[in-house]
Amino acid sequence: MTIYNLGSINLDHLYQLDHFVRPGETMASNSYQCLLGGKGANQSVALAKAGAKVKHVGAIHHSDQAVIDQLESLGVDTGLIKRIDVPTGHAIIQLTKAAENSIILYQGANHALTEAQVDEVLSQASAGDWVLLQNETNLIEYTMRKAQENKVKVAFNPAPMDAELTQKVLGFVDLLIVNEVEAMDLIGTTDIDSTIAAFPKAYPDLAVLMTLGKAGVCYFDGEERLSVKAFSVEAVDTTAAGDTFIGFCLSSLMKGENMKQAITRACAASAICVTRLGAASAIPTQDEVTAFLAKNS
């Protein structure tokens with residue numbers, strides 16, 4: 001079983017600051033790093049580190065071979081990444097001492113995917129495979145339609161949130177992964193309980209994973225509802241926490257674990273991730289997650 005992750009690849013320019021830069025202010029950063037990032041790449045790395053078979057589908061500038069080398073070193077199949085003349089996407093990230101972040105995205109090659117590329121990818125997929133998408137690339141709706149035609153399941157993490165686009169494509173989605181704010185925006189509610197009640201009525205065939213930050217994670221569909229508490233750790237950088245959760249959760253589900261087991265393992269992976277700086281570099285290994293669970297169960 002393979003997960004085809006049609007997702008962004010960014011170079012993350014990470015600046016550690018005492019506080020976010022204010023209008024008109026110039027300030028020196030405490031440190032600087034250029035790291036592999038992008039929600040798509042982060043999720044592919046998390047999937048690979050969690051033991052899933054993941055093929056990343058995306059695009060970068062042809063000069064950025066180092067990106068390919070790093071993804072491959074982390075276990076990601078890069079054979080479906082196109083090298084093109086458009087600059088690789090990048091992000092400028094401000095990270096404060098309170099572990100809050102502020103991010104500016106440049107889409108670049110992430111929005112240069114073609115229908116022919118999507119068609120080529122999905123012609124390789126088999127029934128039982130999954131397509132994973134975020135909202136940092138183009139051709140979201142096209143990819144979902146083609147996936148449905150090919151009887152491939154779709155997992156969608158619509159971040160950064162575009163409520164209009166997401167509402168338009170939910171009929172093609174098997175598993176929606178959102179935080180509580182995104183979920184409320186989508187369904188037009190103002191609290192978590194009414195959100196959980198409203199989703200199955202509006203989308204009876206949709207399964208939803210809703211992350212709640214420090215409160216944990218809630219899963220619900222037309223038949224089941226369950227909650228898992230978050231692990232308590234001291235966070236230093238939350239940049240890739242959600243991506244780590246998604247990768248480990250999907251990988252566990254692919255291995256046949258039940259939803260509660262998958263969420264618990266994914267919460268543990270996220271807890272480790274937030275104690276480290278960076279995005280892809282902060283994602284833990286399977287062994288680290290297993291050891292964490294042994295200590296915190």
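Predicted model: local features only at pLDDT ≥ 70, side-chain atom pairs only at ≥ 80, totals over all residues.
Helices and strands are here DSSP runs, numbered from the N terminus.

The largest pocket has a volume of about 1,300 Å³, and 43 residues line it. Nearest its centre lie Thr238, Thr239, Ala241, Gly242 and Val274. Several elements each give at least two residues to this lining: strands S2 (10–17), S6 (89–96), S7 (101–106) and S10 (175–179), together with helices H1 (39–49), H6 (180–187), H8 (241–254) and H9 (259–273). Helix H8 makes the largest contribution, with 5 residues. By residue class, the lining of the largest pocket comprises 22 nonpolar, 14 polar and 7 charged residues.

The second largest pocket holds about 170 Å³ of space. Its lining consists of 14 residues, and Gln148, Gly171, Phe172, Val173 and Asp174 are the ones nearest the centre. Here the division is 8 nonpolar, 2 polar and 4 charged.

On one side of the pairing pattern, S12 joins strand S11 (residues 207–211) in the antiparallel sense over 4 bridges, and valine 217 is the bridge partner of threonine 211. The hairpin of S11 and S12 has 5 residues between the strands, and glycine 213 adopts a positive phi near 65° there. S12 also runs antiparallel to strand S13 (residues 225–228), again through 4 bridges. In this pairing, cysteine 218 has serine 227 as its bridge partner, and a hairpin of 4 residues connects S12 to S13.

Methods:
Residues numbered from 1 in each chain as written. Heavy atoms only, no water. Pairing = 2+ DSSP bridges. 1 Å grid on protein atoms, 1.4 Å probe; cavity = no way out; pocket = protein on both sides within 12 Å on 5 of 7 lines; lining within 4 Å. Points joined across faces, edges and corners; volume = space filled by probe spheres on them. Nonpolar A, V, L, I, M, F, W, Y, C, P; charged D, E, K, R; others polar.
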